[in-house]
Amino acid sequence: MRHACARGPMEIAKKSDVLIGYAAAVGCPAESCEAGKAGVCQGCPGRELCLQQQGGVDEDQKYINVRMKAIKKKILVLSGKGGVGKSTVAACLGMALAKLNTKVGILDLDICGPSIPKLLAVEGQAVVNSQYGWTPLRSPHSEVKVMSVGCLLGESDSPVVWRGPRKSSLIKQFLKDTFWGRLDYLIFDTPPGTSDEHLTVVKMLLNVKPEGAILVTTPQDVALATIRKEISFCRKMSLNIIGIVGNMASYVCPCCKEESPIFTDDGGVQSLCNEYSIPFLGTVPLDPVTSIKHFLTGSGDVL
Amino acid sequence: MALVKHKILVLSGKGGVGKSTFTAHLAYGLAADENRQVGVLDIDICGPSIPKVMGVEGEQVHQSGSGWSPVYVDDNLCVMSVGFLLSSPDEAVIWRGPKKNGMIKQFLRDVDWGEVDYLIVDTPPGTSDEHLSIVQYLSSTHVDGAVVITTPQEVSLMDVRKELNFCKKVGLPVIGVVENMSGFVCPKCKHESQIFPPTTGGAIKMAADMGVPFLGKLPLDPRIGWCCDRGKSFLSEVPDSPAATAYQEIIQKIIDACTGSSPTTSSDRTVDVER
């Protein structure tokens, strides 16, 4: 028997009421104009961030603006879903642009799972703190500059177990203190989701007019459902969407060269782009040979 | 949580390895025994996949005097997710850490699970607010442990090693590691190839190096994705697939680990014998 039948009178929880009720129950006024100012906000680690959302000025913003003005184009690589290939796309995009004789940097904002140092073969290099700021590492592939929390960790297996406010502080420090110099492109690799890291970087960058975001997805409905949320996030944050990439669209069998879908693909990525009037940048098949060369050695030969 | 006998967390440092898929099918596998009550708690606040994967997207949460009632997939299988609380499935949940923590606490405090044999918690990727919070809030109750999911390639294993170290740091036992998307059978030539080559020995070697049990490998069957997109159980739809067999073996190992570690094991053992 379903447990629900054994209980007294029930009502369907109105969804908006539940979320508002939740906020009231825990006393968090984050959704209201009292965010950061109410008595309950004292001692909350998110208080400063809530105050900034209310229009308070972040003192780090002016330093970030100076750093970012030396960079012509700033591109974020986003996906609500994990494991769709954001870091791969960011790394390949960076290396491809660098091969066109442009100056490129990649900032890895994934604090918990930084993949960029491995993909760009800068593991083991140390970040130097110079008079101009943190000097990013240089990849052997077309001299792409890299900054990641992975470069700051002593042991690569150590987990970074930080709550949101601390991650936001590190991201602001990356933006404020990394001495990129003059770059043509700075690519931001982000973790999955729509949380602290994304809010922090988008808010900090909006003043310096980023080119926009490239969204990466795989073709199955479960991934597309999360991409819709990411589109909603970009629109809420007034962040331009450059386009959507459909990754791992199919798999090429190394034996018979037959191309077959590994996830269901009903043309969902293209349809989604049409629905939201977002440019469809293309699909990328999954090639394990590329995987071996690319991920094991950080080789740029894939390009 | 006092009425919940066994609690299992499904973790992975890496995204997209199949945590939600595995959580759903672990739940389906456990709930195949009608005498077991199974609950699934989805604490991925930003990307809640469980409602879609389990075919209950769009369902509504009922509120009563005893708390929030979870959504029932079947008579003995229920689910709670932030996905049920959104006004639209496309609505983005753009919350910072403290607010996400509050939601998780409310899920644990206010959801009336009733008497549940297994509560499976699906988590987002990483080692952050949600993970710290769930471990912290459950610390005073008995947690059987974590099942850690990975794919074979080194880029995943890197993050999963961090996750295993996180478990050690917070004192969370590890039931074992599952290697998902282990191989792909070409529908044309039937050759099994490795989509994500285990260049550094795969999850078996990693589990051995880290001193944790290895529960098994799950091959990639495109019908798994098809079932998840339609909210169906792959175990019911394609029971003769090698992936379904692998799932059942891994689920049995998890049951054995839980019933071996729990202080109240007698009723579970009875159920297993009856099976």
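A crossing of two helices counts as right-handed if the near helix is turned clockwise from the far one by less than a right angle. Keep that in mind for the first view; everything below comes from a predicted model.

**View 1. Helices α3 and α4 of chain B pack in a right-handed crossing.** Two packed helices are described by the angle between their axes and the distance between the axes. Here the axes of α3(B), residues 97-110, and α4(B), residues 129-138, come within 9 Å and cross at roughly 35 degrees. On the α3(B) side, look for B:Gly97, B:Pro98, B:Lys100, B:Asn101, B:Ile104, B:Lys105 and B:Leu108. They meet B:Asp129, B:Glu130, B:Ser133, B:Ile134, B:Tyr137 and B:Leu138 of α4(B).

**View 2. Chain B and chain A bury about 6900 Å² between them.** Of that area, 61% sits on carbon and sulfur atoms. The contact takes in 82 residues of chain B and 82 residues of chain A. Within chain B, the residues that lose the most area to chain A are B:Ile94, B:Arg96 and B:Lys162, together 11% of what that side buries.

**View 3. Polar pairs and salt bridges link chain B to chain A.** There are 19 residue pairs in polar contact across this interface, counting pairs with both residues at pLDDT 80 or more. Several elements of chain B give two or more residues to the side touching chain A, among them α2 (50-53), β3 (62-64) and α7 (222-229). The top contributor is α5(B), with 9 residues.

**View 4. A:Arg163 pairs with B:Asp129 in a salt bridge.** Their closest N and O atoms are 3.7 Å apart. The count between the two chains is 2 salt bridges. B:Asp129 also turns up in the helix contact, on the α4(B) side.

**View 5. A:Trp162 sits in a loop of chain A, between β7 (145-148) and α6 (164-177).** What does A:Trp162 contact, leaving aside its neighbours within four places in sequence? In chain A, the partners are A:Ile111, A:Lys167 and A:Leu170. Over in chain B, they are B:Thr127, B:Ser128 and B:Asp129. A:Cys112 is 50 residues away from A:Trp162 in sequence, yet their C-alpha atoms are 8.1 Å apart.

Note on methods:
Residues numbered from 1 in each chain as written. Chains lettered and ligands numbered in written order. Predicted model: local features only at pLDDT ≥ 70, side-chain atom pairs only at ≥ 80, totals over all residues. Heavy atoms only, no water. Axes fitted to C-alpha atoms, helices over the stretch in contact; angles between N-to-C directions. Helix = DSSP H or I, 4+ residues; strand = E, 2+ residues; numbered from the N terminus. Contact = heavy atoms within 4.5 Å. Buried area = accessible area lost by both parts, 1.4 Å probe. Salt bridge = Lys/Arg side-chain N within 4 Å of Asp/Glu carboxyl O. Polar contact = N/O pair within 3.5 Å; in protein donor to acceptor, adjacent residues only side chain to side chain.
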